[in-house]
Amino acid sequence: MEILNISKKDKEVVLALTADELVRLCNVLYVQEKYDDNLHHKLYGDLMIARDLCQYGHIDGFCFERIAECRSKIK
């Protein structure tokens, strides 16, 4: 992981992650699915999109279903 920018004023961090780091983050969030909050579902869904596009160049049907499931849980 490379930290590209940190802004206290804007309350944001810009990072560059490798495909392996994305996979690890997605695996951690998958195991922690018991957390039923909007941030968890949004983050997990977005990271799955980034992971599959970075690794495979496309989103397959299985991943698309998981993303849709995460999005449907956002209140």
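Analyst: Axes are lines fitted to C-alpha atoms, and the angles between them run from 0 to 180 degrees between N-to-C directions. The model to which this applies is predicted.

User: What makes α2 and α3 roughly antiparallel to each other?

Analyst: The axes of α2 and helix α3 (residues 61–73) cross at roughly 160 degrees and come within 8 Å. Angles over 145 degrees count as roughly antiparallel, and α2 and α3 are therefore roughly antiparallel to each other. The crossing of α2 past α3 is left-handed.

User: Which residues of α2 and α3 meet, and how do they divide into nonpolar, polar and charged?

Analyst: Among them are Tyr44, Met48 and Asp52 in α2, and Cys63, Arg66 and Ile67 in α3. The residues of this contact divide into six nonpolar, three polar and six charged.

User: How do the axes of α1 and α2 lie?

Analyst: Helix α1 (residues 19–31) and helix α2 (residues 38–55) have axes that come within 9 Å and cross at roughly 145 degrees. This crossing is left-handed. Residues making the contact include Leu22, Cys26 and Leu29 of α1 and Leu43, Leu47 and Arg51 of α2. By class, the contact comprises 13 nonpolar residues, two polar and one charged.

User: Why are strands β1 and β2 said to pair?

Analyst: Two strands pair if there are at least two bridges between them. Ile3 stands opposite Leu15 in β2. The two strands form a hairpin with four residues between them, and Lys11 in the turn has a positive phi of about 55 degrees.

Technical notes:
Residues numbered from 1 in each chain as written. Predicted model: local features only at pLDDT ≥ 70, side-chain atom pairs only at ≥ 80, totals over all residues. Heavy atoms only, no water. Left-handed = near helix turned anticlockwise from the far one by under 90°. Contact = heavy atoms within 4.5 Å. Nonpolar A, V, L, I, M, F, W, Y, C, P; charged D, E, K, R; others polar. Parallel < 35°, antiparallel > 145°, perpendicular 65-115°, else oblique.
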